[in-house]
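Please read the report below alongside the sequence and the 3D view, and follow each residue as it is named.

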Amino acid sequence: ALRLMEELEDDIRQRQPLAARQGSRGGDQAPARQLAELMVDAGLLGCEALLIRSRLYPDNSPDRIAAATEVQQQASQILSRSSEDWDTRGPLQVAEAAAMLELGRAQDAIADLTELAKKSAPSRTSGRAASIAIEYLTSNSQTSRARGLLPLLADSPVPAQYALAALRIELAEFKADPKDANREAELNSLLEKARKIGHDYGPYWQNRAEALLNDVASSASLGGSAKVANELLAVEIRQMLAAGDELAAIDRFLQFRDNQSAADQPESALDAAMKASALLARRKEWQQAAEATQSIARSYPKAPAAAVAHARSIFMLAQALREQPKQSELRSSYESSLRAQLELWPDAEETGSAQSWLEQWLSGQARAEEFCSALLARFSCCQEPEFARSVLSEWLRCTLDLSSQEVQLACIAELDRIETLPQKQLIADLYSLIAKTFQGWPEEGEAKE
């Protein structure tokens, strides 16, 4: 943007002598006065671009000071050449005062900004002057002076400026009193005000409001409200993702997961873990995506989302195995995760898929007997009759597959009939069939046992 502004200014400078020579007779060039106005406007845009660039550098850094110095010099030069009634004069004065703030001339700058905010009817220029002054004062713990300027924004042609400045002041006051007994309620109120700014004025202003929240408040300032902590985390993550810093967002999710786990808040810990896992999966970092949720899900198996989170971690491990099918540690982790799903969440819908995957995994390695054992382990953990029946039936089918053909033919038809019976009679007949199956089991040493 700065390069384009410089090119525009150079073009205008080349045209100005030609415009002056053509005079009032007209010609190919724009009138000299119009070119002069364009030069001032281009200078203003250049100053604004430099001010934005200066914010990219750390406070008091040489680069930031250099950018502010250039803004102050350019604005001063243009102002010296423009008349008092020039339309662009006010915005240039605001830019000059903003640069003075960066250069340590706060007293003069605040005085100039206050005068610009007061001396004319409400306008974008006066609103911006007041907003810049309020931002500086609140960031330097001068909230009383900032509140004194807030009424100047009440009739601003940009209503969102008033709402944002009010939020900025309240956040500064909140930060200044960390021992307030009503801290959580106040922060909840600030979050609601930020949401209202987004609702009333759109996503641009919501992003600006959330940037303030992200800068001033943090979930660590709360005693233990998972709800407010989650909302603050969402604000923080949105800012990181908007800046394209996906890795920082992942790290923040994982840090929040660990903090919430330590505070014995399993639901919010699992939620953060699953979101971190989703971001890692988007990057195709499958093993890390699985690890993000697996341990926390196993630590809190009774949490509502635990079964889903763990099942998703198994899917991530499966994707990792596709890329590294010979990796022994990965293979071991995948199998143990499947077994854990069956034993920790025997009554979960998601466990059905894990059971199928375990059957394919073990059968493909000629380890069908181990699958039967895993089914029996799941059955012993089931609390819901419907799942217990289904698992027991599947275990019996698996066991029959290992028996002689004669036993299979005698029992499979009976098993199909039993599965159509009412629940109470079904369980009784299943046990009866199991007994008959083992009565017909071939005498082959340990096989019968």
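## Helix packing and a disulfide

The structure is a predicted model, in which local features need pLDDT of at least 70 and side-chain atom pairs count only at pLDDT 80 or more, whereas totals for chains, interfaces and linings use all residues. Residues are numbered from 1 along each chain as its sequence is written, and side-chain values use heavy atoms, with hydrogens and water left out.

Helices (H or I, at least four residues) and strands (E, at least two) are DSSP runs, numbered from the N terminus. Two packed helices are described by the angle between their axes and the distance between the axes. The axes are lines fitted to C-alpha atoms, for helices over the stretch in contact, and the angles run from 0 to 180 degrees between N-to-C directions.

H14 covers residues 286-299 and H15 covers residues 306-323, and the two pack at an angle of about 150° with their axes 8 Å apart. H14 and H15 are therefore roughly antiparallel to each other; angles under 35 degrees count as roughly parallel, over 145 as roughly antiparallel, 65 to 115 as roughly perpendicular and the rest as oblique. Contact means heavy atoms within 4.5 Å, and the residues that make it here include Trp 286, Ala 290 and Arg 298 of H14, together with Ala 306, Met 316 and Glu 323 of H15. By class, this contact of H14 with H15 divides into nine nonpolar, six polar and two charged residues, where Ala, Val, Leu, Ile, Met, Phe, Trp, Tyr, Cys and Pro count as nonpolar, Asp, Glu, Lys and Arg as charged, and the others, Gly among them, as polar.

Helix H3 (residues 62-81) packs against helix H4 (residues 89-102) at an angle of about 150°, and their axes are 8 Å apart. H3 and H4 are therefore roughly antiparallel to each other, and H3 passes H4 in a left-handed crossing. Among the residues in this contact are Val 71, Ile 78 and Leu 79 of H3 and Leu 92, Ala 99 and Met 100 of H4. The classes in the contact of H3 with H4 are nine nonpolar, three polar and four charged residues.

What is the handedness of the crossing in which H17 passes H18? H17 passes H18 in a right-handed crossing. The axes of H17 (residues 351-363) and H18 come within 8 Å and cross at roughly 160°, which makes H17 roughly antiparallel to H18. The contact is made by residues including Leu 358 and Leu 362 of H17 and Phe 371 and Leu 375 of H18, and by class it has six nonpolar, two polar and three charged residues.

A disulfide is a covalent bond between the sulfur atoms of two cysteines, and here it is assigned to a pair of cysteine sulfur atoms within 2.5 Å. The structure holds one disulfide, formed by Cys 372 and Cys 398 with their sulfur atoms 2.2 Å apart. Cys 372 lies in helix H18 (residues 368-381) and Cys 398 in helix H19 (residues 385-402), so the pair ties together parts that are 26 residues apart in sequence. The link of Cys 372 and Cys 398 is left-handed, with -100° about the S-S bond, and both Cys 372 and Cys 398 are buried.

Cys 381 is partly exposed, with a relative accessible area of 28%, whereas Cys 382 is buried, with a relative accessible area of 12%. Cys 381 is found in helix H18 and touches Glu 343 and Pro 346, not counting residues up to four places away in sequence. The C-alpha atoms of Cys 381 and Leu 342 are separated by 8.7 Å, although these residues are 39 residues apart along the chain.

Note on methods
Buried < 20%, exposed > 50% of the residue type's maximum accessible area, 1.4 Å probe, protein only. Left-handed = near helix turned anticlockwise from the far one by under 90°.
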